[in-house]
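Welcome! Let us take a guided walk through this protein, one region at a time. Have the sequence and the 3D view open as you read.

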Amino acid sequence: MREYIVAIDQGTTSTRAIVFTHRGRAVSVAQVEHEQIFPQPGWVEHDAREIWHNTQQVLDQAVDAAGLAAGDIAAIGITNQRETVVVWDRLTGVPVAPAIVWQDTRTQGRVDELAADGGVRRFAHTTGLPLATYFSATKIAEILDTVPNARARAEAAELLAGTIDSWLVWNLTGGPQGGVHVTDVTNASRTLLMDLETLQWGPELCEHLQVPLGILPVIRSSSEVYGEVTIASSVTGVPIAGILGDQQAATFGQAAFSAGESKNTYGTGNFLLVSTGEEIVRSRHGLLTTVGYQLAGRPAHYALEGSVAVTGSLVQWLRDNLGIIASSAEVEALAASVPDNGDVYIVPAFSGLYAPYWRPDARGVITGLTRFATKAHIARAALEAVAFQTRDIIDAITAETGVAIPELRVDGGMVSNELLMQFQADILGIPVVRPVSAETTALGAAYAAGLAVGVWDTLDELRAQWHEGARWEPAMTSADRTRLMTQWAKAVERTLNWA
């Protein structure tokens, strides 16, 4: 039996390929970063062609590093930055514009116009999402209306549109020579265009949001064979058999399959998902209702999600914009050089505030500055901001479900930061648990692909492969926790009504 699975993890800042064994162990990794483009304040773009080139590069590198050939690989799974959109020419495969990234806020005017009739929750019952620049639909409409002749070409079926998973699958399966144009239910559920109940594009949603239905990919489950790699590559002929948006993939990789199970990913942003099983729970507390996963031929599983736009990217901001640190790895030691934040708080509302506030008018602030404050206090405040924002999400989930989360499973690049993880446990008042495998996002995509081709047969097999790697127990008094959260709430208030 072919026991190896390759996962493509196409993230906001880089593209990776990881080869996994049947036991879920990573045997090789290849990674390449891509350019972050900021043409104007609030605009964030990627070059989709660069991402496609990098994907081919890391696939070949990872497979070669593992000493494998295509015949050794059972399937490929894809996980991707969600909501980021590409619009491209179906005959040439050339994007008509740069990809608009999930963090981009240029479509706020469109969102305001749509919200003028029915408010920001105008489509929430159908889609599970508020109207916000975060989601894909207004980005697609923006490209069609700002690129000369693009809307007419879209109406004439000359263009295709999709999230990054669709872009990669189409190219891997041949591109202009018969490429398969598909997406999965998890990515589709982040567009503002999919009906949560039917799991199909809503014609009325497409009409209201001005996205031609004909340019969108076919919605499929998260675990099935979509097509085979046809390009010349080390994986030519290998089936592509799993697609999950990155946060759903991390949840799947954490084996959080059942109602009530949750995880929090610490990446460019933070994303906490709690499964609601086959039940669609429509939030009243600022959370998103999203599809968690769907196995082929089975009902979809849903989740509530709390999305935070800026966490890991705040550390990058300290490095790249302020020059406080030379590398992201330095932030922990700098923050640990002081015993507390010195009453300094950072609220990184660079793209407004996401869950649970949904305030596009908010902008980032640093509060509590005195002559006593140093760059170490600012570094510590940046790490604490990550934990405070997670606490806001946990509070919203508890209010939504009426059930306290007993412990928080974590993953992502920042979970190696011991200071952050301990403070996270302290401010939550519950244990924080990290698995042995830190590659839960890529692993989730591998699991979805492997289930589709018989590498694994059941979810219980995958549960058995999850093992605890580290645990942080809360050590803060209740009084200190309350004091810090009170100060945090005051800092958040200062961000509002700015833009």
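How are H12 and H13 oriented to each other? Before answering, keep in mind that you are looking at a predicted model. Two packed helices can be described by the angle between their axes and the distance between the axes. Helix H12 covers residues 375-401 and helix H13 covers residues 418-428; their axes come within 9 Å and cross at roughly 40 degrees. Angles under 35 degrees would count as roughly parallel, and 65 to 115 as roughly perpendicular. H12 and H13 are therefore oblique to each other. Their crossing is right-handed.

On the H12 side, look for Arg380, Leu383, Glu384, Val386, Ala387, Phe388, Thr390, Arg391 and Ile394, which meet Leu419, Leu420, Phe423, Gln424, Ile427 and Leu428 of H13. Sorted by class, this contact holds ten nonpolar, two polar and three charged residues.

Now move to another pair of helices. Helix H1 (residues 48-65) packs against helix H6 (residues 164-172) at an angle of about 60 degrees, and their axes are 11 Å apart. H1 and H6 are therefore oblique to each other, and their crossing is right-handed. H1 brings Ala48, Arg49, Ile51, Trp52, Thr55 and Leu59 to the contact, while H6 brings Ile164, Trp167, Leu168, Asn171 and Leu172. By class, the contact of H1 with H6 has eight nonpolar residues, two polar ones and one charged one.

Strands of a sheet pair through backbone hydrogen bonds, either parallel or antiparallel. Here six strands form an open sheet with mixed pairing, in the order E3-E2-E1-E5-E14-E13. Which strands stand at the edges? They are E3 (26-33) and E13 (223-228); each has a single partner strand, so one side of each is left without a neighbour in the sheet. On average, and ignoring direction, neighbouring strands of this sheet are turned by 25 degrees against each other. H6 packs on the sheet, where it touches E1 (4-10), E5 (73-80), E13 and E14 (239-245), and the direction of H6 makes about 145 degrees with that of E5.

Strand E2 (residues 14-20) pairs with E3 in the antiparallel sense, over seven bridges. To see this pairing in the view, find Val19, which stands opposite Ser28 in E3.

Next, turn to strand E18 (residues 301-308). Is E18 largely enclosed or left open by the rest of the structure? Eight of its eight residues are buried, so E18 is largely enclosed by the rest of the structure. In a regular strand, the side chains alternate between the two faces of the sheet. In E18, His301, Ala303, Glu305 and Ser307 point one way, whereas Tyr302, Leu304, Gly306 and Val308 point the other way, and all are buried.

Strand E16 (residues 270-277) is joined to E18 by seven bridges in the antiparallel sense, with Asn270 opposite Val308. Strand E17 (residues 288-293) also runs antiparallel to E18, with five bridges between them; here Leu288 has Glu305 as its bridge partner.

Thr183 lies in strand E9 (residues 182-184) and, at 2% relative accessibility, counts as buried. Leaving aside residues up to four places away in sequence, Thr183 touches Thr163, Asp165, Ser166, Ala188, Trp201, Pro217, Val218, Ile219 and Arg220.

Leu192 is in the loop between helix H7 (185-188) and strand E10 (194-195), and its relative accessible area of 1% makes it buried. Asn497 is in the segment after helix H16 (478-495) and, at 62% relative accessibility, counts as exposed.

Our last stop is a backbone detail. The peptide bond from Ala355 to Pro356 is cis, with omega near -5 degrees. You will find Pro356 in the loop between strand E19 (345-347) and strand E20 (365-367).

Technical notes
Residues are numbered from 1 along each chain as its sequence is written. This is a predicted model: local features need pLDDT of at least 70, side-chain atom pairs count only at pLDDT 80 or more; totals for chains, interfaces and linings use all residues. Side-chain values use heavy atoms; hydrogens and water are left out. Axes are lines fitted to C-alpha atoms, for helices over the stretch in contact, and angles run from 0 to 180 degrees between N-to-C directions. Helices (H or I, at least four residues) and strands (E, at least two) are DSSP runs, numbered from the N terminus. Angles under 35 degrees count as roughly parallel, over 145 as roughly antiparallel, 65 to 115 as roughly perpendicular and the rest as oblique. A crossing is left-handed if the near helix is turned anticlockwise from the far one by less than a right angle, and right-handed if clockwise. Contact means heavy atoms within 4.5 Å. Ala, Val, Leu, Ile, Met, Phe, Trp, Tyr, Cys and Pro count as nonpolar, Asp, Glu, Lys and Arg as charged, and the others, Gly among them, as polar. Two strands pair if DSSP finds at least two bridges between them. Buried means under 20% relative accessible area, exposed over 50%, partly exposed in between (1.4 Å probe, protein chains only).
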